[in-house]
Amino acid sequence: MNSLEFPNFSRRKFIAVAGSAAAVAFAPRFLFADKKGIVPTMIDDAATATIKTYPLRRNISVLEGSGGNIAVLTGKDGKLLIDSGFAVSKPRIMEALNSLSSEPIVQLLNTHWHTDHTDGNDWVHAAGAKITAHVNTKKHLSTSTRVEGWDWTFPPAPAGAIPTVVFDDEHQLQHNGTNIRMKHYDPAHTDSDVSVVFEEPDIIHVGDTWWNGIYPFIDYSTGGSIDGMIRATEQNLRAITDKTIVIPGHGPVGNKAGLTEFRDMLVTIRNNVATLKKQGKSLSETVAAMPTAVYDEKYGQFLITPAFFTALVYSGV
Ligand SMILES: [Zn+2]
């Protein structure tokens, strides 16, 4: 069974085959909140979304509204951005950037390869930015890459969108009087995730290893897993204090308390799903048992539904 066959796939038919191994390697379309699929939904949202600007500390702000959260460091060296959102948001992102300061964009750092964080790379590069990322971000953007969980195959990104400064483990730079440290996670949400620390202001962007207050997507097609997500979250918690500002990939800017709650949610649901799977329950039986129930009211209100998140965890335990 190929996921391309899923658009007209009825729930009844799914349940009939859900016990077979082939049905659990990825999440079928019926688990999505929106029938048109996650990628078109994200792009359509970004096409009209208002970009909200939140000043954090010193000369650092966050722009919310186009795919992943975009961090901006302003100053005399020029603007440094973390992630570039969706290209359809360019006019509104430009407007938000210009309202912060008049310097050009000169640096772009990517937290990972996903399109909701890199689709704007091409125009940001054309505006003058050098792009830095993990070597696997360059790898996935350079070739056609399929994400089963999104039922979507991405063509190679345009040449201008490809990072030209890449690293394996760590990378450091100085910009606008701020020490910036990038660090690769072991595979978590993907195999290309990095954290970005702004040292003096005590701010960290953890990319999609944290979705604040919402169930996260986990991309098994490019190396992600539930256990990797939990390990990355533990690593994030060790790296911060109660004073650290934590920028998640999605959801509002938060702190250690919020990230701790996220870790507890991941661990609890992982254990619930693993217990059901060990009992021999199929994916559909596991979804029906509602192993996420206590968290659904808070965490199940975005793109990743309780059923879809259950399927993502089920794939990895
Ligand atoms: Zn992502």
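Q: Why is strand β6 (residues 130–134) described as largely enclosed by the rest of the structure?
A: In this predicted model, four of the five residues of strand β6 are buried, so the strand is largely enclosed by the rest of the structure. A residue is called buried when its relative accessible area is under 20%.

Q: What makes β5 (residues 105–109) and β6 a strand pair?
A: Two strands pair if at least two bridges are found between them. Strands β5 and β6 are joined by three bridges, in the parallel sense, and therefore meet this condition. Within this pairing, Leu109 stands opposite Thr132 in β6.

Q: How do you know that β6 also pairs with β9 (residues 165–167)?
A: The requirement is at least two bridges, and three bridges join β6 to β9, with the strands running parallel. Ala133 has Val166 in β9 as its bridge partner.

Q: Which residues coordinate the zinc ion, and through which atoms?
A: The ion is coordinated by His112 (NE2), His114 (ND1), His189 (NE2) and Asp208 (OD), at 2.1 to 2.2 Å. These values fall within the 2.8 Å limit for donors.

Q: Why is the arrangement around the zinc ion called irregular?
A: The four donor atoms subtend angles of 84 to 171°. A tetrahedral arrangement would need all angles between 85 and 135 degrees; the angles here extend beyond that range, and the arrangement is therefore irregular.

Q: Where in the chain do His189 and Asp208 lie?
A: His189 is in the loop between β11 (178–184) and β12 (194–198), whereas Asp208 is in the loop between β13 (203–205) and α7 (226–239). The two residues are 19 residues apart, and both are buried.

Definitions and conventions: Residues are numbered from 1 along each chain as its sequence is written. This is a predicted model: local features need pLDDT of at least 70, side-chain atom pairs count only at pLDDT 80 or more; totals for chains, interfaces and linings use all residues. Side-chain values use heavy atoms; hydrogens and water are left out. Donors are N, O and S atoms within 2.8 Å of the metal (3.2 Å for Na, K and Ca); water is not among the atoms, so sites may look incomplete. Four donors count as tetrahedral if all angles lie between 85 and 135 degrees; four count as square planar and six as octahedral if opposite donors are over 155 degrees apart and all others between 65 and 115; anything else is irregular. Buried means under 20% relative accessible area, exposed over 50%, partly exposed in between (1.4 Å probe, protein chains only).
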